[in-house]
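Subject: Structure handover

Hi,

Here is the structure I promised to pass on to you. Please have a look at it first, and then read my notes on how its parts meet.

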Amino acid sequence: MARLRTEIPGPRSRELAERRKGAVAAGVASTLPVFVDHAEPGLLVDVDGNRLIDLGSGIAVTSVGNPAPRVADAVREQVDRFSHTCFMVTPYEAYLDVCERLAELTPGEHDKRSVLLNSGAEAVENAVKIARHATGRPGVVAFDHAYHGRTNLTMALTAKDMPYKRGFGPFTPEVHRVPGSYPFHDGLTGAEAARRAVAAMPDPDGIACVVVEPIQGEGGFIVPAPGFLPALADWCREHGVLLVADEVQTGFCRTGDWFACDHEDVVPDLVTTAKGIAGGLPLGAVTGRADVMDAVHPGGLGGTYGGNPVACAAALGAIDTMRELDLNAAARRIEATVLPRLRGLASDAVVDVRGRGAMLAVELVSAEAAARVAATCHAAGVVVLTCGTRGNVIRLLPPLVIPDELLAEGLDVLEGAME
Ligand SMILES: *Cc1c(COP(=O)(O)O)cnc(C)c1O
């Protein structure tokens with residue numbers, strides 16, 4: 001293909017991969033070992049001059065483009081003024097701006113507060129801290145196929161053993177795993193799946209929160225049956241259990257709305273965000289009901305870098321871009337283009353096609369099939385990712401600003417690879 005100058009990975013990437021072995025811990029793996037030189041809209045350009053179509057957005061992060069002009073300008077301007085003070089030492093306005101935007105954009109019209117952090121895992125970790133503190137209860141409920149991060153608490157919440165948990169225990173206690181809703185495999189309605197989930201929970205008097213991804217990400221892009229999330233929210237409200245929506249992957253226009261909970265008008269008590277929030281700079285947040293968030297004593301939440309001013313400036317630039325370019329509509333357009341093409345894939349290896357907005361997936365018969373398809377795409381210069389508890393799902397997370405012709409070209413390659 002004309003975009004490729006060498007085989008993938010090329011000679012310069014292979015040289016760097018050799019150097020990497022002597023410097024980078026082996027536990028850090030890469031999907032596609034091409035070293036990136038720079039990015040262009042919808043493309044990653046590697047050190048050998050190959051131009052790869054990006055259908056992964058660095059795992060749902062660079063939704064607003066890479067580089068994104070408003071993010072880059074905001075970062076430059078901020079870093080020239082100051083790069084850090086620590087909000088816990090001397091605060092700055094950009095942190096407030098981000099918290100106010102989060103209050104406006106997250107589901108529900110109630111009074112809200114936020115805390116800013118550095119990553120998705122840190123956001124989930126803090127949501128649990130806050131929920132325990134506010135309720136005085138220890139228990140946390142998480143679902144089959146859940147992914148919430150790699151810190152000790154979030155590993156405990158994460159379902160998949162390899163590669164995330166194996167050998168890293170013991171894990172934090174008081175985490176209870178229950179079945180969720182996986183309509184393709186369980187055949188249950190949303191209400192039935194919610195009843196099954198609740199029946200598997202311990203006494204609600206001991207549960208601080210239920211942590212749920214409104215569409216499961218790493219676990220396989222699993223869209224719950226309609227009604228599952230609302231039924232769960234109702235049950236939580238009835239029992240004084242806080243509902244934490246982990247929107248780290250689904251948030252900020254990815255599913256065609258600001259948050260995936262919006263599709264079913266579910267209003268969680270707490271929402272965690274990260275990934276797409278700041279155009280590639282590390283930022284995470286917990287946003288939630290003012291009474292719950294403010295239950296924690298002053299000094300109980302924070303961190304040296306949480307809500308770093310450069311990351312906050314990037315987030316403001318990213319959110320402005322989402323509004324100006326109407327990236328919710330862009331995500332819905334991507335769904336309208338991609339979903340029919342995925343449904344039309346003529347391969348016996350495909351068992352299910354699903355997703356919402358620009359978060360779309362093909363479940364295949366086996367992890368081997370998914371790995372083969374991904375490798376074929378990679379060799380042809382298209383970055384696709386896999387996911388799923390069994391590793392048998394190909395997932396697409398294109399930047400929401402990807403040019404139509406690149407998206408079409410990427411799908412051509414995926415179609416070819418399926419055959
Ligand atoms: C990626 C992810 C996390 C962890 O975020 P990090 O920034 O990698 O710590 C948590 N929850 C969900 C749903 C995610 O997709």
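One term before the findings: buried area is the accessible area, taken with a 1.4 Å probe, that two parts lose on being put together, summed over both. Please also keep in mind that this is a predicted model.

The protein is divided into domain 1, covering 11–54 + 327–418, and domain 2, covering 70–324. Their contact draws 26 residues from domain 1 and 27 residues from domain 2. Taken over C-alpha atoms, the centres of domain 1 and domain 2 are 25 Å apart. Between them the two domains bury about 2100 Å², with 57% of that on carbon and sulfur atoms.

How many salt bridges does the rule find across the interface of domain 1 and domain 2? There is one. Glu218 forms a salt bridge with Arg395, and their closest N and O atoms lie 2.9 Å apart. Polar contacts between domain 1 and domain 2 come to 17 residue pairs, counting pairs with both residues at pLDDT 80 or more.

On the side of domain 1 that touches domain 2, at least two residues each come from helix H12 (327–343) and from strands S11 (350–356), S12 (359–364) and S15 (393–396). S11 gives the largest share of that side, with five residues. By residue type, this side of domain 1 divides into 14 nonpolar, six polar and six charged residues.

Best wishes

Notes: Residues numbered from 1 in each chain as written. Predicted model: local features only at pLDDT ≥ 70, side-chain atom pairs only at ≥ 80, totals over all residues. Heavy atoms only, no water. Domains from an automatic or database assignment. Contact = heavy atoms within 4.5 Å. Salt bridge = Lys/Arg side-chain N within 4 Å of Asp/Glu carboxyl O. Polar contact = N/O pair within 3.5 Å; in protein donor to acceptor, adjacent residues only side chain to side chain. Helix = DSSP H or I, 4+ residues; strand = E, 2+ residues; numbered from the N terminus. Nonpolar A, V, L, I, M, F, W, Y, C, P; charged D, E, K, R; others polar.
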